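The exercises below concern one protein structure. Work through each task before reading its solution.

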Amino acid sequence: METNLTPLLPAAEVTLTALTVLLLDLFLREEEKGFLAWISVTGLALAAGMAFFLWGSQEGAFRNTLLLDDFALFFTEIFLGTALLTILSSIHYLRETNIRSGEYYALILFSTTGMILMAAANDLILFFLGLETMSVGVYILTGMWRERVEASEAAMKYFLIGAFATGFLLYGIALIFGATGSTNLTRISFFLSLSFHQWPLLVIAGVYLVFIGLAFKIGAFPFHFWVPDVYEGAPTPITGFMSVAVKAAAFAGWARIFVHQFSVVEHEWGVPLHALAILTMTVGNLLAIAQSSVKRMLAYSSIAHAGYLLIGVVAGKEPGGSALLFYLLAYAPMTLGAFAVLLALKDGEKDNESYDDFAGVGLKRPFLGMAMSIFMLSLAGFPPLSGFTGKFYLFRSAIVSGYTDLAIIGALNSLLSVIYYLRVIVKMYMEQGGVEAQPFAKAPCLYVAIVIAVLGTVGLGLLPARALSLSGVSYLSLR
Amino acid sequence: MTGDQFLFLILAALSTVSSLLVIFQRNIVRSAMALVATLFLVAVLFLTLDAPMVGFLQILVYAGAIMVLFLFVIMLLNSALLEQRQNFWWGFGSLTALLLVIEILFLVSKSFELDGRSPSLSGSFGSPELLAQTLFTDFVLPFEIASLLLLVAIIGAVVLAKRGA
């Protein structure tokens, strides 16, 4: 029997890069370690190129456990781009802390491999292993700055809660396998469509357990308690990586498993998810207002954004699915950019992350001020930035699918979020006495990352048509 | 009495004795060693029941990996003697044990009703060959990814536990 290895190409390329980085790390002197970042970036770029050339293919491999469709490739590009920006903004950070750079880059690459497999998995076992590869990598990255007590606390918390969530997911997978006799999603959904609304209790219990496991991963209410502490304790570049790539990977699971394959049992999970979407965005926004640290505010804002994204899952089908994909794409540059600006304020061992540290930054460093203003306005959903177009299509998909209440509550929540996003801009331009930001000469790669993020945020806002059609095509490629 | 039954009685008696030893030893290391013996005997019981795969996994996973972990923890904590537990946990433990005994008696009484009506399995069900065949055809990719996952976990253990930068 011939095995088709093409669908594995991007993931294999990233794994290979990770192993190369790990091995080279042993032979490089301390001052040459910067080289590893460039190998990682090259590897990621190569994988992105492969994914680009594979676009449009529709193949399965390993008895359809792994699928190569536009959906998987779309997410692959998001993961690779996020990992690339994370590495670019980490170079300066790693020099100032004593995190071991070889393992750091390798773990980012391994986590990315896990995510790519999650998006391409058509089998619950493979999905689970991809999710674990991603999560274990990120648990370690969270705790890698060992001198900081908060980092160790965050890593421990993340690990324990993550293991707990994995328990739910795995138990759910076991129950579904027990009832349907397969872990293959196509076969499970075939079984579900045959049963004519008479599903065994076992399947429904399994679906709910998988539901809870995935809700933990995106930090949806009431499974969000770990998010602020973990996001605050983790190294800032990793916080950005978590809030974009890890979330996108979990939403790839939501889209492929729930919106697409489990759509037959939608009336079982649709109603609780509807309530979860409303609660998640409202709770996230209300708690974000009360924060005094910008990093913690961004953590709560990421909970709120998980709520907006859930609107797409509830709305489902073509408008919801493609709006979800587009929002994930639009969400990546603005969030990564905001964390990159936060990194530019870092001074030596000291993290400067409170609102007060931002005072006057816009006047002293006009570029950083402008970039941060763009990211904040985009996160709040101002036109013509990517956050606005993303929200517009999400809310529209909710109205088209008959969930007008979700669109209204989503819009009200966006208004609420303006309070805390604008506070950053007000601090930057109307007050004095904050910290000195790093100049371009000291952290050039960080500035490059910020420029890319600004271009992405503005570009996706002004010219969304191409990206929107791509996300539509990707969603429709699900089989 | 057939040979099978004779073998079963010996194994059952031995495993009961060794599991009683687990509870009644005061020295915690001896207790752990008795647990190893119990798990090993249960594995042999599985072998006599024509379930070689479960038997070997029992030895590999429980008697091998998990018990080694137990012993590591015991030696790290370095407390050879257990103090007497009398209060809340004693009552909780007895209650749980009582519930389990009732459950077993109930299941045994049920199994007499099922006599002769239990579903039969094909000869190769649960055999190592069948498992290996599934593992290396349908699930070969997950099998490989599991090795990647273990690699990540090992790197993590080294990075987080290594002394000095």
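**Exercise 1.** Is A:Glu431 buried, partly exposed or exposed, going by its relative accessibility?

Solution. The model is predicted: local features need pLDDT of at least 70, side-chain atom pairs count only at pLDDT 80 or more, and totals for chains, interfaces and linings use all residues. Residues are numbered from 1 along each chain as its sequence is written, chains are lettered from A and ligands numbered from 1 in the order in which they are written, and side-chain values use heavy atoms, without hydrogens and water.

Step 1: buried means under 20% relative accessible area, exposed over 50%, and partly exposed in between (1.4 Å probe, protein chains only).
Step 2: A:Glu431 has 33% relative accessibility, so A:Glu431 is partly exposed.

**Exercise 2.** Describe the salt bridge between A:Lys33 and A:Glu30.

Solution. Step 1: the closest N and O atoms of A:Lys33 and A:Glu30 are 3.8 Å apart.
Step 1: A:Lys33, at 14% relative accessible area, is buried, whereas A:Glu30, at 62%, is exposed.

**Exercise 3.** Count the salt bridges over all chains and name the members of a network.

Step 1: salt bridges link A:Glu153, A:Lys157, A:Asp229, A:Glu232 and A:Arg296 in a network.

Notes: Salt bridge = Lys/Arg side-chain N within 4 Å of Asp/Glu carboxyl O.
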